[in-house]
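Work through the exercises below with the sequence and the model open. Each task is followed by a solution in steps.

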Amino acid sequence: KISQVGLISDAMAMGAAGMQSKQLIVLLLGSATGSYALASRMGQLHGQTAARHVGTSLPASLRPHGLSRNGNAGTLVSPVQWNQGMQAATTTSRTGGSVSMSAVLRLPMKATVIATIIGALFVWLVKILNTPSRVYDRDANTVGREYDAWTSEGILEYYWGEHIHLGYYEEGQRRGPFYGGKDFIQAKYDFIDKMLAFSKVSSTPASILDVGCGIGGTSRYLAKKFPQASVTGITISPEQQQRATALAKERGLSNVKFELVDALDMKYPDNSFDFVWACESGEHMPDKTKYVEEMTRVLKPGGRIVIATWCQREEPPEFTKAERKTLDYLYGEWTHPYFISIEEYARIMGRTGVLQEVVTDDWASQTIPAWRQSIWVGVWDPWPVIRRPHLWWKVVRDAWCLEVMHRAFTKGLMQYGMMTAQKAPTPAEPVVAAAEAAEPVIEAAAAVAAD
């Protein structure tokens, strides 16, 4: 038990780094080295009496450098600590006082009990935080329900602004550990511009669909950027749809609307939109193939599609046990059914038979700072959370998940997938074009025949 005091801080640090509960318990049960360190401290604090009564069974071969053995009780103390202990004992004897064994041990035993309780609570906390709490369930609409809660609480909008997606950071803007190299909200606007450039969309799309629009930040941004276009944002969260509509009215935007539509079963006719935009919605889709197929179906021939989504790395190599455990946690904590790889998205797009010139990329490096910056914006401005005690536990869980996400992306387990393609023109269009091109030839031939 004595060794628990010497090890509790190390155990907590290792727990925060992701060490399993069993390993923490082993540490907390003690080691000879911890007993040795505490005996030295007691020798320093309580003089010769403590040095004579606190022993250790640590073999000589394992003693830390610079320590010597006390022949009376077999206690290991440093030369400096031994001299200090002797001075304390001499002073006590001169004044006629005495140091009882119970007095010597009372303080460290209390500290041991407190440390044990704290350690056990910490182990329990780590275990709870690493247990997914919001597992995906389509029938229960867990995705819509969670976004309803986040929207009504206002915390996400306060810190993330109107754009519920990661930001874009150039090379010189990725400064850890506090990630203060770029404004958190501006990084999100920059992401939209970078995603637009990646999509290769024309400057004059007449109709735009934003799949998984959140509270409509990107939809409104696109409506401003393309005033001639009609923009439609879809979500399965009633709270998001209401908030997005209200913000559009506040901005005086008449060319954007928001509807409650399931992305896997869209009500729109085939070939309805010139440009389909999907930013960080694929993560929540239980059928990735249907997700891509539906967006392709409503895309007009010749139109463009662009997708940004969190992905797991390609297999092989197979995921290790630790990687699989991390993925299972990430699936279940933020109500994701599963992730797929960037390469698998490309294969799905290719299998549609109509998406051409598929281009993919991994923007993990450009977006990684957003994970920890999401935490730090709350640390520097905690008042919105402090005044809502009922949200404290949820905020702690979300901050923990943000950190796990950061590490998963940093280690390459997760990737930030970017995909874009063009829908092939309909077979009739080349025929019509050929007929139009042939008209002058036919007219010329008719003129010759008339002559």
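**Exercise 1. Salt bridges**

Task: State how many salt bridges a search of the whole structure finds, then describe the two that Arg 134 makes with Glu 333 and with Asp 398.

Solution. 

Step 1. The search finds 23 salt bridges in the whole structure, a salt bridge being a side-chain nitrogen of Lys or Arg within 4 Å of a carboxyl oxygen of Asp or Glu. The structure is a predicted model, in which local features need pLDDT of at least 70 and side-chain atom pairs count only at pLDDT 80 or more, while totals for chains, interfaces and linings use all residues. Residues are numbered from 1 along each chain as its sequence is written, and side-chain values use heavy atoms, with hydrogens and water left out.

Step 2. Side chains of opposite charge can pair when their charged atoms come close.

Step 3. Arg 134 and Glu 333 meet through their side chains in a salt bridge of 2.8 Å, N to O. Arg 134 is in the loop between helix 5 and helix 6, and Glu 333 is in helix 12, so this pair ties together parts that are 199 residues apart in sequence. Helices (H or I, at least four residues) and strands (E, at least two) are DSSP runs, numbered from the N terminus.

Step 4. The salt bridge between the side chains of Arg 134 and Asp 398 has an N to O distance of 2.7 Å. Asp 398 belongs to helix 17 (residues 392-410), so its pairing with Arg 134 ties together parts that are 264 residues apart in sequence.

Step 5. A network of salt bridges links Arg 134, Glu 146, Glu 333, Arg 397 and Asp 398.

**Exercise 2. The surroundings of Trp 334**

Task: Locate Trp 334 and list what Trp 334 touches.

Solution. 

Step 1. Trp 334 lies in the loop between helix 12 (321-333) and helix 13 (342-351). Its relative accessible area is 10%, so Trp 334 is buried.

Step 2. Not counting residues up to four places away in sequence, Trp 334 touches Arg 134, Trp 150, His 284, Trp 310, Trp 371, Asp 398, Cys 401, Leu 402 and Met 405; a contact means heavy atoms within 4.5 Å.

Step 3. The side chains of Trp 334 and Asp 398 are joined by a polar contact of 3.1 Å. A polar contact is a pair of N or O atoms within 3.5 Å; within protein, one must be able to donate a hydrogen and the other to accept it, and residues adjacent in sequence count only if both atoms are side-chain atoms.

Step 4. From C-alpha to C-alpha, Trp 334 and Pro 132 are 8.1 Å apart in space, and they are 202 residues apart in sequence.

**Exercise 3. A buried glutamate**

Task: Which residues does Glu 294 touch, not counting residues up to four places away in sequence?

Solution. 

Step 1. Glu 294 is part of helix 11 (residues 288-298). With a relative accessible area of 6%, Glu 294 is buried.

Step 2. The residues touched are Ala 263, Leu 264, Asp 265 and Met 266. A polar atom of the Glu 294 side chain lies 2.8 Å from the backbone nitrogen of Met 266.

**Exercise 4. Confidence**

Solution.

Technical notes. Buried < 20%, exposed > 50% of the residue type's maximum accessible area, 1.4 Å probe, protein only.
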